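Please prepare a briefing on how the two chains of this model meet.

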Amino acid sequence: MQHNQTVARRLRGCKGYLYLAPSLIILLVFTVYPLIKAFAMSFCEDYSIIDGSFKGINLQNYQDLFADEVFLKALSNTTIYVVFVVPLSILLSLVLAVLIHNSLRGKALFQTLYFLPYVTSVIAIGIVWSWIFNSNYGLLNYFLSLFGIPAIPWLNDPHYALAALIIFSIWKSLAFNILIFLSGLASISQEIYQAARIDSTPRLRVFFKITVPQLRPIIVYAVLMGLINAFKVYNEVFSLFQSKAGPANSAITVVYYIYDKFYNSGDYGVASAAAVVLFVIILVLTMVQKSIAKEKEEA
Amino acid sequence: MKITIEHLTKQYGDFKAVDDLNLEIGDGELVGLLGPSGCGKSTTLFMLSGLTEPSAGRILFGDNDVTTIPPEDREIGLVFQNYALYPHMTVLENIMFPLINRKVPKQEARDRAEKMAAVVHLEGLLNRKPKALSGGQQQRVAIARALVKRPKVLLLDEPLSNLDAKLRVETREEIRRIQQEVQITTIFVTHDQEEAMSISDRIAVMDRGVLQQYEKPQEMYLNPVNEFVANFLGMPQINMFEGEITADGVWLNGHLLRSRQEMAAGQNLAPGKYRMGIRPENFELTADGPQQTASHVRMTGRDLLVFFKLDETEMRLLAHSDRQLERGSKFSARVRPGQLTIFGADGKTLAKV
Ligand SMILES: Nc1ncnc2c1ncn2[C@@H]1O[C@H](COP(=O)(O)OP(=O)(O)OP(=O)(O)O)[C@@H](O)[C@H]1O
Ligand SMILES: [Mg+2]
């Protein structure tokens, strides 16, 4: 009896893995294997993807990588990008989410509006935004001209290309963040807000002392996802600058660099090394951020 | 602070949650707002707090009309049914919060919060988060938070409904103690009649949005104005039945409950059928008279609750627990003088005979 039950339980366990098998296989083939492969390739000097030959196993790829000014540029661009996009996007979407949440009328309209960028192809949006950024006819410059600011060659001047990319990306990331913040706001008990009114809490204090702490787990999640996605920025560059990395590579990012090394230059080893560097950066940041979040949770 | 409620009405579509409520609450008085679920107690309380806007009527605090004043400026303390503590703040931070909002200097806010915490016996728990507190402790934090800003009015919405029986009695005594200590006008919502009777100076009973009676607990219990109030107050419930009045007296199914001679002069009720009520404690056991049979008997501690049938009508009778009564026992009983309540067709109390 006892024995039969254990067997039955074990069989049931096997059945569970069977259900998982298709996704596990896909995960292994398309995620785990390439990861290991890229890691291995990064240590192979002059690796050839055609016959798998290489000169030797060493750190040559990493030396080349850090000697490459384009990579350093990509790294610094990506860092600047992350530093601006993540906090600004979170802050802006949080404020917008609260405004949308509090405005009873027009909620449905807003819901469509903020969801639109999320479901539309990045490429299409990129084309629209390249028009918005157009120095002669663009909406943005028209808007700025109302305040007496002269036309800015957003996409054609290396000085502004990264700024344009950042503005575009913040706008694009709003949809997802607003969505998760709204769902978080909806789950906060109304009674706490009523209590806050009875306690005569000023509006800003309600936001900082009640809404933000209540949304903390969601904010932590949004920051984490934002960080990871921002470090991996590529589509946005590709679509905004019509498959280039901005004028004179001025808006090149790490992933764009990896792509370029791999497909255009055929430097598989260096591309892999860059991928590993990016992987390590994201891993470290994620761990740091998680431990900070946990510390605050316990405090 | 005296509170005057005039013609207060709250309408949701065609439905009147509160219907033309008039109430006057004296300074420092504790009023229990009592009624079954959905009768409009919370709605009334929330209109007093300003969180719900009345459809009609006025609310006066002292001589000031506060009907259109937002909750922020009403100087009230409100304890919610589920306490609504700020979950991410400690006990001390919760109690200090209303003070900091009013720009009380931090040190003073701290001192006042600590003093208030001592009043509700929360010392030693000041650095805990609400989720690490028991229901009773959370409730006391909510009361401290409501009182620390020295409000003019304290409103409590079924604050004890989440507690177990023993804690419930303890905390309601505590609420009474604190209320008397700080001498604050208090409105206490509950659907528990015993709770309302034991701590209120006066009780307002509501049914379907309409005020039924507003009276001191004892007076209300002894002299309910109508069938609803008579039914709602008292545990075990009052015995309700349809009886008949003839020239000879008051009858139930051929049993004479009260003869004409026993009835006071002037109680000239026209012959006919009436709704009547007898509280279980208003039967008294007698040595002689028609015999009844106990269909079952329940020991409640102080009393014996005896069920018996007066022909078709089930009756409950309370006897002292030292009586030797059990299932099947024979006994005689009569209704104590003046304790048989007669109701009119509209449910209003006509007389007690
Ligand atoms: N926003 C609303 N819209 C429509 N009807 C409402 C609304 N709020 C309350 N009601 C109705 O008003 C009536 C009174 O509600 P209220 O919350 O005051 O009851 P209550 O006496 O506090 O009951 P309970 O003891 O269950 O808390 C109920 O029938 C309820 O359904
Ligand atoms: Mg209620």
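**Interface of chain B and chain A**

Between chain B and chain A, 13 residue pairs are in polar contact, both residues being at pLDDT 80 or more; a polar contact is a pair of N or O atoms within 3.5 Å, where within protein one must be able to donate a hydrogen and the other to accept it, and residues adjacent in sequence count only if both atoms are side-chain atoms. The model is predicted: local features need pLDDT of at least 70, side-chain atom pairs count only at pLDDT 80 or more, and totals for chains, interfaces and linings use all residues. Residues are numbered from 1 along each chain as its sequence is written, and side-chain values use heavy atoms, with hydrogens and water left out.

**Contributors on chain B**
- On the side of chain B that touches chain A, α1 (41–49), β6 (76–79) and α2 (91–101) each supply at least two residues; helices (H or I, at least four residues) and strands (E, at least two) are DSSP runs numbered from the N terminus.
- The most comes from α2(B), with four residues.

**Salt bridges**
- The rule finds three salt bridges across the interface, each a side-chain nitrogen of Lys or Arg within 4 Å of a carboxyl oxygen of Asp or Glu.
- A:Asp199 and B:Arg145 form a salt bridge through their side chains (3.8 Å, N to O).

**Helix α2(B)**
- After α2(B) comes B:Lys103, with a positive phi near 65 degrees.

Note on methods:
Chains lettered and ligands numbered in written order.
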